[in-house]
Amino acid sequence: MSQKMEFQTEAKQLLHLMIHSLYSHREVFLRELISNASDALDKLRFEALTNPQLNSGGDAAIRVRLDKDAKTVTISDNGIGMTREEVIENIGTIARSGSKAFLEKMTGDQKADSNLIGQFGVGFYSVFMVASSVKVITKRAGEGSQAVAWESSGESTYTLDDAVKEGHGTDVIIQLKDEEAQYAESWQARSLIKKYSDFIAFPIYLPNDKGEDEVVNQTKPLWRRAASEVTAEQYEEFFQQAAGGFGKPLTTLHTNAEGVLEYSSLLFIPASAGYDLFTMERKHGVKLYVKRVFIMDNCKELLPDYLRFIRGVVDSEDLPLNVSREILQKNAVIERISKALVSKVLGKLKEMADNEPAAYKDFWKNFGAVLKEGLHTDYENREKLLELVRFQSSMGEGADDLVSFRQYADRMREGQKDIYYITGESRDIVEKSPHLEVFRSKSIEVLYLIDPIDEWIVGDFNNYDGKQVKPVNKGGLDLGELGKEEAAKQEMAATEFSKLSERIKEILADSVEDVRVTGRLKDSPACLVSGEHAMGAHFEKIMKSMGQDVPLMKRTLEINADHPIIRNMNARFERDAGDAELAEWAKLLYDGALIAEGRMVPDPLAYSKRVNGMLTKISAP
Ligand code: ADP
């Protein structure tokens, strides 16, 4: 049955780009088609595990045929093949979200854009960079399949027809454009296969000068080779093509483990974050192979979620070939491999942090927020993770100057017992927080926890190296030796201002839990402090922004006994305890403390009326 079909709109868009915009790196079409052929062979091997009759003889292989005179290149595989419906689904439409992301990410920079081709898996269409027309003849493995021929010149339509094909698998027959005839040259094809597809696990045959089929690639999967046999270029190629990476990997971890557990792993830490780091559906991750047989993409059981930026392959000798997702979930072998991999990755990161601080900084910029999740979920590796986290800090030069707990501890002031942090929305806001005043005056460093995730993990810090990790805006402030002077002053002032504090507490009864004289302020008149175990103000804000109902948490208003406003209030209070203006002042004090935290005042209109009322009283000079 013959059908003429329209490409789906997005497919058309993509084809248009392929044909008209991407002029450089056209040679990658070959690696894309070979990679598809290799995937098709993997899929067949996997299906044959549960359906042995699919393995209908013939060694799995990819064959490339060239015809210089006719200007054709044919790439054949005896893999899984496609039904008519699958052809329509797979190469008539772009169903995968990655392709959309590809279109959005196009920059116009041809080299970068052609690299994107591999990353986003829109590989098949790349053939139209060199082809004037393409014919795909394919037959799904399995009894009674009807072969089908797909043909298109990459414009807006394609045709489908019944076809005759002996075995299962797929032939892609490329009619090269006149100016691309070089790709039908044997030396050209050979060097491209060597360059881009050497690591493919199936043999790739190409006829030699005498017309005899010859295997061009190494066939032994890259991850099964000794690390010393693999070049940096080969790793890079593998990273981009097989692992869905982009550009050069930041680091490569290649292990062949023997002993109790036997497996090979080839893992990459990418140099930049993929588009799917924070989406639910991840296409890439760590692929699982068992005894060289491909089992699945993105095997989540192999690495915890907080290492989801890692890409690569794990190939186990100890798992049964017929593993299913269910088996994987509580499989002892997988658990042990996973443990070993986590340990390796964290060890490698530590090494990088110690020896290549610049590279580690890049890593942290891209993946720090993800890695931090581990503090909340991986108790076992808490100590290691604490060594890896980085923060901005009050001693840092700027947003780029990051500090570790170790550095913090090493440069703590003599007599300082605890490690301090402040949480908030941005460096700008926390930097100006009144809570930092006493710390600044005493040159005590404060870590800035300004990632949204930080609010979730502060509870997991507890302590580092025997030191408590404390928020600057919760509970009473105890600077120990360093705060002796303030503590003494505070005690005296507390008595002096106790009546005023009582009065303010009465006035603000609906908003605050308590009012007390503070030791943490130098320049500001007042600030708000949460209870030691209460939810932080910033956390409250985050919860609210997520639509959570947060019960009103009354906090303590701390007042600065050295501040003229507070001194004046006290004087007025002593003259007339019922002074009506005291209420206005107290309310402004409270609103001012909220604003200093970067928060909204509860009643902006009343606030501005109050300010205007005050200003009106100032007489003109
Ligand atoms: P990707 O390979 O990244 O999914 P492609 O555009 O290269 O994207 O291919 C689209 C789909 O077409 C593949 O996912 C696969 O299902 C199918 N396909 C392509 N080539 C082959 C082939 N040689 N054998 C079987 N299926 C294929």
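Reader: At what angle do helix 2 and helix 6 pack, and how far apart are their axes?

Author: Axes are lines fitted to C-alpha atoms, for helices over the stretch in contact, and angles run from 0 to 180 degrees between N-to-C directions. Helices (H or I, at least four residues) and strands (E, at least two) are DSSP runs, numbered from the N terminus. Here helix 2 (residues 28-50) packs against helix 6 (residues 186-197) at about 65°, with the axes 9 Å apart. This is a predicted model: local features need pLDDT of at least 70, side-chain atom pairs count only at pLDDT 80 or more, and totals for chains, interfaces and linings use all residues. Residues are numbered from 1 along each chain as its sequence is written, and side-chain values use heavy atoms, with hydrogens and water left out.

Reader: Is the crossing of helix 2 and helix 6 right-handed or left-handed?

Author: A crossing is left-handed if the near helix is turned anticlockwise from the far one by less than a right angle, and right-handed if clockwise. Helix 2 passes helix 6 in a right-handed crossing.

Reader: Which residues of helix 2 and helix 6 meet?

Author: Contact means heavy atoms within 4.5 Å. From helix 2 come V28, L30, R31 and I34; from helix 6 come A189, L192, I193, Y196 and S197. Sort them by class: Ala, Val, Leu, Ile, Met, Phe, Trp, Tyr, Cys and Pro count as nonpolar, Asp, Glu, Lys and Arg as charged, and the others, Gly among them, as polar. The contact of helix 2 with helix 6 has 7 nonpolar, 1 polar and 1 charged.

Reader: Now the sheets. What is the order of the open sheet of 3 strands?

Author: Two strands pair if DSSP finds at least two bridges between them. The order is 20-22-21, and the pairing is mixed. Strand 20 (512-517) and strand 21 (526-529) are the edges, each pairing on one side only. From one strand to the next, the twist averages 25°.

Reader: Over how many bridges does strand 22 pair with strand 20, and with strand 21?

Author: Strand 20 and strand 22 (residues 555-559) pair in the parallel sense over 5 bridges. Strand 21 and strand 22 pair in the antiparallel sense over 4 bridges. In strand 22, I559 is the bridge partner of V517 and also of A526. E558 partners R516.

Reader: Which strands does helix 21 lie across?

Author: Helix 21 (residues 581-596) lies across strand 20, strand 21 and strand 22, at about 65° to strand 21.

Reader: At roughly what angle do the axes of helix 21 and helix 22 cross?

Author: They cross at roughly 125° and come within 10 Å, helix 22 being residues 604-617. That makes helix 21 oblique to helix 22. Angles under 35 degrees count as roughly parallel, over 145 as roughly antiparallel, 65 to 115 as roughly perpendicular and the rest as oblique. This crossing is left-handed. Among the residues that meet are W585 and L588 in helix 21 and Y607 and M614 in helix 22. By class, the contact of helix 21 with helix 22 has 6 nonpolar, no polar and 6 charged residues.
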